[in-house]
Amino acid sequence: MNVLMKRARVRLIVPMLLSLGMSAAANAADVHVLATGALRGAFRSIVPAFEQSTGDKLIISWGPSYGTSPDDLPMRLEKHEPMDVCFMIGAALDDHIRQGYFVADTRVNVAISRIGLAVRQGLPKPDIGSVDAVRAALVGAKSVAFSEGASGKYVTETLFPKLGIAESMKGKIVQIKGKELVGTALERGEADVGLQQISELHAIDGIQYVGPLPDSLQKISVIAAAVGRNAAEPAAANALIRYLQTPAAKHLLEASGLDPANDPKQK
């Protein structure tokens with residue numbers, strides 16, 4: 001589905017979300033949300049629809065699911081920032097459930113995320129349809145940006161070694177720290193090529209999205225949610241998780257570049 005068709009679907013779906021019939025709560029809640037940047041694009045439409053239909057207010061702090069920068073979700077959890085519900089890569093969430101940050105039986109899969117490639121405006125779009133083509137595109141780039149989150153960890157620990165280019169890429173790396181998206185570095189001209197979750201690349205308009213990595217090089221990640229063990233608003237947090245399971249919300253997730261989680265409870 002092309003970008004124009006996706007945007008047209010979003011324009012149709014948002015009114016559906018707003019008319020789901022959920023009455024605004026008599027006592028609206030401020031719901032503190034920690035969220036992976038992979039949801040930014042979808043949340044642009046989902047958040048206002050949820051807030052209007054429930055009366056609740058979502059206060060969102062964005063960050064990668066891995067990393068040690070102050071904005072990264074593990075660091076926010078360690079600092080005990082206010083948090084009612086968290087959306088992060090499932091494997092990372094499971095680690096923090098074991099550490100006692102979340103109520104285990106509230107864990108739900110929300111979406112499936114894949115890694116894509118983008119280039120800055122003005123550059124030709126490279127062929128990335130095969131392993132050899134991806135290798136050539138990366139080796140031929142002057143600079144390659146990726147995050148310190150889940151996708152960046154995969155790029156450095158798996159993708160580059162698998163392609164046999166780990167050494168040759170060392171002088172080209174532009175690592176994006178904290179909650180900033182890789183696409184913003186491309187937008188500013190700080191890198192020629194960017195690798196990140198597809199939905200995060202779609203969230204930046206001023207870049208050229210090329211496509212997903214080939215299946216043989218792909219990293220599939222599950223985005224999951226859980227309610228905080230010390231949540232001040234557990235009912236509203238659970239309501240948000242349920243809201244993302246509705247057909248209309250799932251369409252918005254797909255339009256942002258994510259795939260549906262077929263089994264919400266599967267680990």
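**Helix 11.** I began with helix 11 (residues 247-255), where Ala248, Ala249, Leu252, Leu253 and Ala255 are buried, buried meaning under 20% relative accessible area, exposed over 50% and partly exposed in between, with a 1.4 Å probe and protein chains only. Looking down the axis of helix 11, I found its buried residues within an arc of 165°, so they line one face of the helix; the arc is that of the directions from the helix axis to the C-beta atoms. Gly257 follows helix 11 and has a positive phi, near 110°.

**Ground rules.** I note that this is a predicted model, in which local features need pLDDT of at least 70 and side-chain atom pairs count only at pLDDT 80 or more, while totals for chains, interfaces and linings use all residues. Residues are numbered from 1 along each chain as its sequence is written, and side-chain values use heavy atoms, with hydrogens and water left out. Helices (H or I, at least four residues) and strands (E, at least two) are DSSP runs numbered from the N terminus.

**Whole chain.** I looked up the secondary structure of the protein chain, which comes to eleven helices and eleven strands. Of its 267 residues, 54% count as buried.

I traced an open sheet of six strands in the order 2-1-3-10-4-11, with mixed pairing; two strands pair if DSSP finds at least two bridges between them. Strand 2 (57-62) and strand 11 (259-260) stand at the edges with a single partner strand each, so one side of each has no neighbour in the sheet. Strand 4 (residues 108-113) runs antiparallel to strand 11 and is joined to it by two bridges, and Ala111 stands opposite Pro260 in strand 11. Helix 10 (residues 234-243) packs on this sheet, touching strand 1 (30-35), strand 2, strand 3, strand 4 and strand 10, and its direction makes about 155° with that of strand 10. Axes here are lines fitted to C-alpha atoms, for helices over the stretch in contact, and angles run from 0 to 180 degrees between N-to-C directions. Helix 4 (residues 90-98) lies across strand 3 (85-89) and strand 10 (221-227), at about 130° to strand 3.

Strand 5 (residues 115-120) and strand 8 (residues 193-197) pair in the antiparallel sense over five bridges, and the bridge partner of Gly116 in strand 8 is Gln196.

**Helix 5.** In helix 5 (residues 131-140), I found Ala133, Val134, Ala137 and Leu138 buried. They cover an arc of only 130° around the axis, which puts them on the same side of helix 5, whereas Asp132 and Gly140 are exposed on the other side. The buried residues pack against strand 5, strand 6, helix 6, helix 7 (166-169) and strand 8.

**Ser65.** I ended in the loop between strand 2 and helix 3 (73-78), where Ser65 has its place; at 2% relative accessibility, Ser65 counts as buried. Its side chain reaches the backbone nitrogen of Ile89 at 2.9 Å. Beyond its neighbours within four places in sequence, Ser65 is in contact (heavy atoms within 4.5 Å) with Thr36, Leu73, Pro74, Met88, Ile89 and Ala92.

Methods: A polar contact is a pair of N or O atoms within 3.5 Å; within protein, one must be able to donate a hydrogen and the other to accept it, and residues adjacent in sequence count only if both atoms are side-chain atoms.
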